[in-house]
Amino acid sequence: MLEGYLRSDGRKGVRNVVLVAYLVECAHHVARRIVDRIDDPDVQLIGFPGCYPNAYAAKVMNAIATHPNVGGIVLVSLGCESFDREGLGEAVAASGRPVETLVIQEVGGTKATIAAGLAAVERVRAAAADAAAKVPMALDELVVATICGGSDGTSGITANPAVGRAFDRLVAAGATCIFEETGELVGCEGVMADRAVTPELGREIVACVEKAEQYYRVMGFGSFAPGNAEGGLTTQEEKSMGAYSKSGSSPISGIVKPGDRPPSGGLYLLDVVPDGEPRFGFPNISDNAEIVELIACGAHLTLFTTGRGSVVGSAIAPVIKVCANPETARRLADDMDVNAGRILEGAANLAEVGDEIFDRVIEVAAGRRTVSEELGHQEFILTYKAFDPIGPSCLPLSAGATR
């Protein structure tokens, strides 16, 4: 039995971090200096760089600020941006978390706000610690996400299918699992539709992937990078099949979009490609941004597979690195949690590595620090996108899903 930090909405966190959040790029430096001066791995920096947040950014920031791994937050505003700092602060306070807001133009500038921020973090941290009673947490309360980055010819043979095995075990135990990267699932929409729990959901999955294919065709870029080719991948379809294997073999229960919380246990596809006509100014695929979107859907932790190697982590939710390539695992040993490349060398099989990943999920949820946490990785990207609300056929098993 796990233990988690009980929040007022009934969800439980596997970490109790305090966030310092800048609400415009002009406040970024001040917020960063506050976090750097605190020098505590459980005080983490997040933020939104734009002056004019759209509904997507506001929704994701709200979901992050009230994530079950978050114990409290200090908001840092310049003062003239359009981010609704009062609304965000009220939402955090309503969730039962301590929150303080600093407005640089009112406090008196850089030095004064840093000093005020250090004091605010101490108060919020103390309040978050006082409220941090741990209670039993069942496996079916856990939300686990997966993403791949720096893929090569080994990814679809070792790490990705091993994560799929772990996902199958987690789903069977009642946990919620989320996979994504619809731009990297082109060609797999038919087999995913066959796994959907209803025909209507199957059609939504096909439309979701077709949207991604169209989006990247118009924008002139996609998910197949030069590094993928250097690593032995030859086509988008080949990469897609490898990425698809992370999902395992469980029925697909629904589709969510960034900031939507799956209503129940099961396997969900996260649609990360903006809706509507493709627009310049929206970002291309970014592992760090998509980890944020997975966290905004409630993920307690993320399984990150890589063949060529990636050294990123994330603020808020631990990232477990699963290395597909044995040579990469040796070369970047200090950045990897699980060496799935052992499969290629005959030192383990898929089932054994899948079990190892499952066990590591439980250990990290129970408090074990991941390699990226130990190294201080706290990457966070939030920019601009636009999404329509999910349709009723996207969550056929839901009743009252958060949207």
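Buried here means under 20% relative accessible area. Keep that cut-off in mind for the first close-up of this predicted model.

**View 1. Asn16 sits in the loop between β2 (12-13) and β3 (17-22).** With 17% relative accessibility, Asn16 counts as buried. Its side chain makes a polar contact of 2.8 Å with the side chain of Arg7, and the Asn16 side chain also reaches the backbone oxygen of Ala128 at 3.3 Å. Leaving aside residues up to four places away in sequence, Asn16 touches several others, including Tyr5, Asn69 and Gly71.

**View 2. Here helix α2 (residues 55-65) packs against helix α11 (residues 287-296).** The angle is about 65°, and the axes are 8 Å apart. On the α2 side you'll find Tyr56, Val60, Ala63 and Ile64, meeting Val292, Glu293, Ile295 and Ala296 of α11. By class, that makes 7 nonpolar, no polar and 1 charged residues. The crossing of α2 past α11 is left-handed.

**View 3. Arg125 and Asp40 pair up through their side chains in a salt bridge (2.5 Å, N to O).** The two come from distant parts of the chain, 85 residues apart: Arg125 belongs to helix α5 (residues 110-130), while Asp40 is in the loop between α1 (28-38) and β4 (43-47). Arg125 is partly exposed, at 24% relative accessible area.

View 4. Glu213 is partly exposed at 33%, whereas Arg217, at 53%, counts as exposed.

How values were computed. Residues are numbered from 1 along each chain as its sequence is written. This is a predicted model: local features need pLDDT of at least 70, side-chain atom pairs count only at pLDDT 80 or more; totals for chains, interfaces and linings use all residues. Side-chain values use heavy atoms; hydrogens and water are left out. Axes are lines fitted to C-alpha atoms, for helices over the stretch in contact, and angles run from 0 to 180 degrees between N-to-C directions. Helices (H or I, at least four residues) and strands (E, at least two) are DSSP runs, numbered from the N terminus. A crossing is left-handed if the near helix is turned anticlockwise from the far one by less than a right angle, and right-handed if clockwise. Contact means heavy atoms within 4.5 Å. Ala, Val, Leu, Ile, Met, Phe, Trp, Tyr, Cys and Pro count as nonpolar, Asp, Glu, Lys and Arg as charged, and the others, Gly among them, as polar. Buried means under 20% relative accessible area, exposed over 50%, partly exposed in between (1.4 Å probe, protein chains only). A polar contact is a pair of N or O atoms within 3.5 Å; within protein, one must be able to donate a hydrogen and the other to accept it, and residues adjacent in sequence count only if both atoms are side-chain atoms. A salt bridge is a side-chain nitrogen of Lys or Arg within 4 Å of a carboxyl oxygen of Asp or Glu.
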